[in-house]
Amino acid sequence: MIFRKRIVVADNERALLFRDRQLEAVLTAGVHQFWDFGNRLKVRLFDITATEITQKDVKVLLRNKASLCKEHYTVISTDENEVALIHVDGQFTDLIKPQSEKWFWNTAAKVEVKRINVTEQVEVSVKDMNVLAKAAKASVLSKGLVIKEVVNQQVGLLFIDGQLQRVLKAGKYGFWNFNQSVDVAVVETRAQTMEVAGQEILTKDKVSLRVNLSATFKVTDAVTAVTELANHNDFLYNALQLALRKAIGTQVLDALLADKEAIDTFVRGFVAKKVADFGLTLIEVGVKDIILPGEMKTILNQVVEAEKAAKANIIKRREETAATRSLLNTAKLMDQSDTLRRLKELETLEKVADKVNNITVFGGLEGLTKDNIKLNV
């Protein structure tokens with residue numbers, strides 16, 4: 001019929017029927033017919049597969065015509081301290097933040113709402129945390145959900161609005177961060193190393209040294225270390241730096257080079273007591289390098305060379321003295337014994353004979369043993 005308008009709405013659709021630009025009805029799935037004189041009817045179709053109503057103008061229309069349309073939609077809203085987890089047919093779909101609302105078409109889909117007061121229940125249950133972490137919109141929740149994992153040998157400190165609330169052991173935690181400031185500080189309690197490198201320090205006798213120091217420490221009281229210090233690593237570094245300067249600045253170069261372990265002992269004793277009051281334990285301190293300026297290296301090398309030369313000279317003189325003393329003792333014995341003196345002469349003759357070509361002997365064997373000997377080389 002020419003004045004009849006036929007409207008077909010699919011199973012996954014809803015239709016808004018307008019007459020003279022005024023909302024007249026919400027149409028569900030099926031075939032609908034209306035009288036339409038002068039082409040006054042208009043239809044707007046919506047896909048309700050996702051169930052949520054996102055168009056702002058549609059929300060306004062439905063709200064203004066609530067008496068006509070309320071059976072076709074549901075509004076889920078939250079107060080200022082509440083969040084709502086939305087599940088559609090058992091699957092998590094979205095999170096409604098505090099003082100917010102979401103609209104849904106009433107369909108065969110089952111919409112479930114879980115409301116949580118975020119001020120009374122700050123911690124997120126493990127089940128909800130796993131659901132939220134895996135959700136497609138997890139990035140949207142980054143400002144409203146704090147998730148932290150504390151591993152073995154670590155301690156977590158929960159702060160809410162700047163106040164320490166709990167100490168967290170190893171595990172995975174989630175906290176609502178709506179309408180409050182939630183922060184979890186994770187503190188390492190295993191032994192750690194710290195390097196104090198490249199320190200330019202003057203000794204008591206005005207020699208400039210560059211020193212590298214290494215330290216090992218542990219956080220033994222995480223609560224004190226975090227609440228009493230703005231940054232416990234910076235605090236320890238400054239304490240080591242100052243102690244190192246004090247240890248070197250009060251000693252002359254020769255004393256430092258002679259006993260480097262004295263620096264370690266001083267620094268450890270000075271710093272350990274200072275940091276113990278702030279939950280830190282200093283385990284070990286050691287000077288890795290003491291680097292001298294170039295000209296000082298040259299001077300020290302010359303000093304060492306002179307010392308070694310002096311020691312060598314002393315040893316040489318000592319040996320010469322011992323040799324002279326031995327020679328004197330031999331001479332005294334030879335003066336006392338003609339036979340010993342004659343044996344010495346024959347020993348000398350044997351040594352000389354190896355180096356001559358001809359030997360002339362006068363007087364036979366007796367001359368050889370008693371008279372002078374003529375050597376022709």
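Visitor: How many bridges pair strand β8 with β9?
Guide: Strands here are DSSP runs of E, at least two residues long, and helices are runs of H or I, at least four, numbered from the N terminus. Two strands pair if DSSP finds at least two bridges between them. Strand β8 covers residues 82–88 and pairs with β9 in the antiparallel sense. The number of bridges is five.

Visitor: What should I know about the numbering and the source of the model?
Guide: This is a predicted model, where local features need pLDDT of at least 70, side-chain atom pairs count only at pLDDT 80 or more, and totals for chains, interfaces and linings use all residues. Residues are numbered from 1 along each chain as its sequence is written, and side-chain values use heavy atoms, leaving out hydrogens and water.

Visitor: Which residue in β9 stands opposite Ala 84?
Guide: β8 and β9 run antiparallel. Across from Ala 84, the residue in β9 is Ile 96.

Visitor: Where does Asp 89 lie?
Guide: Asp 89 has a positive phi, near 50°, and is not a glycine. Its place is in the loop between β8 and β9.

Visitor: Which residue in β16 stands opposite Gln 154?
Guide: Strand β13 spans residues 154–160, and seven bridges join it to the antiparallel β16. Opposite Gln 154 stands Glu 188.

Visitor: How are the planes of Tyr 73 and Trp 103 set: stacked or edge-to-face?
Guide: Rings of Phe, Tyr and Trp (its six-membered ring) pair if their centres lie within 6.5 Å; planes under 30 degrees apart are stacked, over 60 edge-to-face, the rest tilted. Tyr 73 and Trp 103 are 4.9 Å apart centre to centre, with 15° between the planes. The pair is stacked.

Visitor: How many residues apart in sequence are the parts that this pair ties together?
Guide: Tyr 73 lies in strand β7 (residues 73–77) and Trp 103 in strand β10 (residues 101–105). The pair therefore ties together parts whose separation in residues is 30.

Visitor: Is Thr 51 buried or exposed?
Guide: Buried means under 20% relative accessible area, exposed over 50%, partly exposed in between (1.4 Å probe, protein chains only). Thr 51 lies in the loop between β5 (41–47) and β6 (52–53). Its phi is positive, near 65°. At a relative accessible area of 5%, Thr 51 is buried.

Visitor: Why are α5 and α7 called oblique?
Guide: Axes are lines fitted to C-alpha atoms, for helices over the stretch in contact, with angles from 0 to 180 degrees between N-to-C directions. Angles under 35 degrees count as roughly parallel, over 145 as roughly antiparallel, 65 to 115 as roughly perpendicular and the rest as oblique. The axes of α5 (residues 232–249) and α7 (residues 261–276) come within 9 Å and cross at roughly 140°. The two helices are therefore oblique.
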